[in-house]
Amino acid sequence: MSFLILGLLCAGPRHGYDLKRAHDQRLPQAKPAAFGQVYATLGRLERDGLVAATGHDRAGGPDRTAYSITDRGRQALDAWLDTVEPPAPHVTSALLTKVTVALLAAGEQRARRYLAAQRQAHTARLREYTRLKTRPGIAFADLIAADYAIAHLDADLRWLHTTLDRVAALRQEVTG
Amino acid sequence: MNGILYGRDMVKSYGRTVALRGVTLEVGQGEIVAVTGPSGCGKSTLLLCLAGILRLDAGEVGYCGERIDNWSETARAKLRRGAFGVLFQFGQLVAELSAAENIALPLLLSGVRRRAARTAAMTWLDRLGIPHLADTRPGEMSGGEQQRTALARALVAEPRVLFADEPTGALDSLAGEQVLGELVRVAREQQTTVVLVTHDARVAGYADREVALRDGVLDPSGLGLTGPGVTGAGLDGTAGGAAGGAGAGVAG
């Protein structure tokens, strides 16, 4: 969340409430940010000198402090953007664990039944995201978030098919 | 069967290779159905048979409640110039003609006057966001532009059913998405029924329903599974619905 807040502040000073709203809009598929989390993050960023309180607005409500990104904050953001994320290993996925356990403990038919049901669920979700992204006037952030989800669902689906082919090939080898 | 289009117990072979082993399916008015499966599973053959381009060895195909597989070649060709539109992966455009002329072609072949055909072509160029390509020849267009032009040509006669065989298979990912987005948008606006053949789950995601084929039969699991507890588990919860049965037992 820290870097998203720093990124949002690049466009100009904002209050915590605005930042929470912007966070939820930019990452619509993610869990909405809790106010407490936003203010705690701002507190940490201020302590580290990455943001600074630049104004107070008391008009008609509680004290609202606006924050700006500092030069140090911009440097930290730059450094973060230059850092390559480690590719996720994906070997801890629940999907993989379940298929492996099903094959080991419950036999091929059980694993196949599970795979078929899982494929159905994945296909339905993929269609949901496709509907979302073909909605007229969809926000760019929603679009790339849907693309991301679809690409991962598609990868899972291809893996499901390959796994079944592998299981069939293994059986053929064993039974001759 | 009540859908706009149906195939019943369809069987089709090429020499000794059996492509369809008794496939039954029905497509509703305005529905977008994806036919999926690995290469060689018979999905393109299914599309060609439903569109009346290939003749069946056995079984039947019907459109609007009327059996059409036994129609003459001339009658089926007429259907394909009017009620049916067809879109392939590539290579449908006439290289010597401009986009507008290519799009107008089906209308001209149906006897529409040149000026009216040109006007209709311009309208479709507009609808698909490529009016600037009216006088451009296919060789000067990108793959995505060519496929939009081919889509406009498939839709210019305002068909009730559009058959699309891997329509974005030759395009890069973004261009493919744009063409699919346009195809689905226009189909929904026009209430056009679409039969969309693809091996790609992301493309199938644009459809209302998926029908999976494997080795020439419908495969309800989508994974080539026939074990207990698997057969009949229809995709999308449409078990026993419009997707129909696998038609086992038909000549193979």
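What percentage of the 252 residues in chain B is buried? In this predicted model, buried residues make up 51% of chain B, a residue being buried if 20 or more other C-beta atoms, placed from the backbone, lie within 10 Å of its own. Residues are numbered from 1 along each chain as its sequence is written, while chains are lettered from A and ligands numbered from 1 in the order in which they are written. Because the model is predicted, local features need pLDDT of at least 70 and side-chain atom pairs count only at pLDDT 80 or more, whereas totals for chains, interfaces and linings use all residues.

The model scores ipTM 0.76 and pTM 0.80. Confidence in each residue is given by the predictor as pLDDT, from 0 to 100. Chain A has a mean pLDDT of 84, with 90% of its residues at 70 or more. Within chain A, helix H4 (residues 71–82) has the highest confidence, at a mean of 91, and helix H5 (residues 94–106) the lowest, at 81. For chain B the average is 86, and 88% of the residues score at least 70. Residues 227–252 of chain B have a pLDDT below 50; beyond near neighbours in sequence, this stretch makes 60 contacts in the model.

Chain B contains seven helices and 10 strands, taken as DSSP runs (helices H or I, at least four residues; strands E, at least two) and numbered from the N terminus. Two residues are in contact if their C-beta atoms, placed from the backbone, lie within 7 Å. Of the contacts in chain B with a separation of 6 or more, 70% join residues 24 or more positions apart.

Two packed helices are described by the angle between their axes and the distance between the axes. The axes are lines fitted to C-alpha atoms over the stretch in contact, and angles run from 0 to 180 degrees between N-to-C directions. In chain B, the axes of helix H5 (residues 143–155) and helix H6 (residues 173–190) come within 9 Å and cross at roughly 20°. H5(B) and H6(B) are therefore roughly parallel to each other, as angles under 35 degrees are classed. The residues in this contact include B:Leu151 and B:Leu155 of H5(B) and B:Val179 and B:Leu183 of H6(B).

In chain A, the axes of helix H1 (residues 2–9) and H4(A) come within 10 Å and cross at roughly 120°. That makes H1(A) oblique to H4(A), the class left after roughly parallel, roughly antiparallel (over 145 degrees) and roughly perpendicular (65 to 115). A:Phe3, A:Leu6 and A:Gly7 of H1(A) meet A:Gly73, A:Ala76, A:Leu77 and A:Trp80 of H4(A).

Technical notes:
A residue is buried if 20 or more other C-beta atoms lie within 10 Å of its own, exposed if 12 or fewer, and partly exposed in between; C-beta atoms are placed from the backbone.
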